[in-house]
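Hi there,

Here is the model I promised to pass on. Please have a look at it first, and then read my notes below.

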Amino acid sequence: MAENIRAAIAGSTTDARAMLIARTEMIGALNHGHIIQGRELEAEGMMVLKYWVNSGDTKVRPVHREMAAPGKSPVNGADGLFNVDGTMVPYPGHFSLEAAQRANCRCTVFTDISAIGDDTLEPELEPEFEE
């Protein structure tokens, strides 16, 4: 993908910039796929809870670290929104995020599902977070 980007904008970008663009667009596409899957599960009668998950290393942005803090409440529904420093988005890497919150982001969405009718919103599987 990076090679295609570099070829499409030949002469105006470096290999590193082409890789940054490819990585950024791929994580957005991956996370959008999670949303589509969540919508399909909701249509089948499942309740969807979403968690923001970061890579847990020193490169994680402070805002993204806070989004995935242990004990952070999930977002309800496949189309539920996360508040990322004042911008409401359905997933990490969303195109409406400013570049400072989107470029090279490696965060993803952890989706927890349960059958409608459960009387609890507690996830069955708690994602593991590293400090």
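A word on terms before anything else: a residue is called buried under 20% relative accessible area and exposed over 50%, with partly exposed in between (1.4 Å probe, protein chains only). Helices (H or I, at least four residues) and strands (E, at least two) are DSSP runs, numbered from the N terminus.

Please keep in mind that this is a predicted model, where local features need pLDDT of at least 70 and side-chain atom pairs count only at pLDDT 80 or more, while totals for chains, interfaces and linings use all residues. Residues are numbered from 1 along each chain as its sequence is written, and side-chain values use heavy atoms, leaving out hydrogens and water.

Now the overall picture. The protein chain has four helices and five strands, arranged along the sequence as α-α-β-α-β-β-β-α-β. It has 131 residues, and 36% of them count as buried. Taking contacts (heavy atoms within 4.5 Å) with a separation of 6 or more, 62% join residues 24 or more positions apart.

S1 pairs with strand S2 (residues 75–76) in the antiparallel sense over two bridges; strands count as paired if DSSP finds at least two bridges between them. Across from Val 75 in S2 you will find Lys 50.

What about aromatic rings? The whole structure holds two aromatic pairs. Rings of Phe, Tyr and Trp (its six-membered ring) pair if their centres lie within 6.5 Å; planes under 30 degrees apart count as stacked, over 60 as edge-to-face and the rest as tilted. One of the pairs is Trp 52 with Phe 82: the ring centres are 5.4 Å apart and the planes at 80°, so this is an edge-to-face pair. Because Trp 52 lies in S1 (residues 46–53) and Phe 82 in S3 (residues 82–84), the pair ties together parts 30 residues apart in sequence. Both Trp 52 and Phe 82 are buried.

Finally, two backbone spots to check. Most residues other than glycine have a negative phi. Asp 85, however, has a positive phi near 55°; it sits in the loop between S3 and strand S4 (87–89) and is exposed, at 59% relative accessible area. Asn 104 also has a positive phi, near 65°. Its place is the loop between helix H4 (99–102) and strand S5 (108–115), and at 30% relative accessibility Asn 104 is partly exposed.

Best wishes
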